[in-house]
Amino acid sequence: KSDGYDVDKKRFTDLAKTYLSTDAKDLESYLKKNNRELYDLKGVKTESLEHAIAAVKSNGKDAVLVGDEKFAQKVKQMARQYQVAPQVAARYVFDHEFTHVGQKGMYFDDEICAEKDVEHILQSYYQELSRKDPENAKVYSSLAAIAKDREAMVTKNYGESHVMAAASYN
């Protein structure tokens, strides 16, 4: 299904809308099955996010999915880093941010704990998808490997020098 994430042919907002009407539905079911409450996602937009590829901005009740103005360029850079197709990297980014949507009502001591939670959930989710959809197990294995690596790198990626990506909106 990752072929729907062609960052060269579609803008972030179009990619996000496609994601939200397809793969996000499976992740939403998984999150709810694991007793996660979801923010009401009120929209999708693009803005400068400095170091982040995408973010979920919330006011505590509702949320907005935001993609960086250089989304395609940053996704391709991530794809090179993890040696995966840009479509796979884009799918990971959307899954990662949508998992933040499933953190409503959870209060973490810091952003590092919230990020570790996301990566942990995604690893389990991709394992489940591999079992359910063996034809695409290689893609899910690649996605799980990204989540595992990013969980190990959370402190480096989101340490004190990192500007908090999940800023609130009003």
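**Close-up views of a predicted model**

Lys 116 is found in helix H5. The model is predicted, so that local features need pLDDT of at least 70 and side-chain atom pairs count only at pLDDT 80 or more, whereas totals for chains, interfaces and linings use all residues. Residues are numbered from 1 along each chain as its sequence is written, and side-chain values use heavy atoms, leaving out hydrogens and water.

View 1. With a relative accessibility of 37%, Lys 116 counts as partly exposed (buried is under 20% relative accessible area, exposed over 50% and partly exposed in between, for a 1.4 Å probe and protein chains only). Leaving aside residues up to four places away in sequence, Lys 116 touches Glu 151 and Val 154; contact means heavy atoms within 4.5 Å. Tyr 30 lies 86 residues from Lys 116 along the chain, and their C-alpha atoms are separated by 17 Å.

**View 2. Packing of helix H2 against helix H5.** H2 (residues 23–33) and H5 (residues 111–132) pack at an angle of about 110 degrees, with their axes 11 Å apart. This angle makes H2 roughly perpendicular to H5 (65 to 115 degrees; under 35 is roughly parallel, over 145 roughly antiparallel and the rest oblique). Axes are lines fitted to C-alpha atoms, for helices over the stretch in contact, and angles run from 0 to 180 degrees between N-to-C directions. On the H2 side, Asp 23, Asp 26, Leu 27, Tyr 30, Leu 31 and Lys 33 meet Ile 121, Ser 124, Tyr 125 and Glu 128 of H5. The contact of H2 with H5 comprises five nonpolar, one polar and four charged residues.

**View 3. Helix H4 and its crossing with helix H5.** H4 (residues 86–101) has 16 residues and reaches 23 Å from its first C-alpha to its last, close to the 22 Å expected at 1.5 Å a residue. Of these 16 residues, 14 are buried, and H4 is thus mostly covered. The axes of H4 and H5 come within 9 Å and cross at roughly 120 degrees; the two helices are therefore oblique to each other. Among the H4 residues that meet H5 are Arg 91, Tyr 92 and Asp 95.

**View 4. Lys 42 in strand S1.** Strand S1 spans residues 40–47 and holds Lys 42. Lys 42 is exposed, at a relative accessible area of 53%. Residues up to four places away in sequence not being counted, Lys 42 touches Asp 62 and Ala 63. The C-alpha atoms of Lys 42 and Ala 72 are separated by 23 Å, the two residues being 30 apart along the chain.

Terms used: Helices (H or I, at least four residues) and strands (E, at least two) are DSSP runs, numbered from the N terminus. Ala, Val, Leu, Ile, Met, Phe, Trp, Tyr, Cys and Pro count as nonpolar, Asp, Glu, Lys and Arg as charged, and the others, Gly among them, as polar. The expected span of a helix is 1.5 Å times one less than its number of residues.
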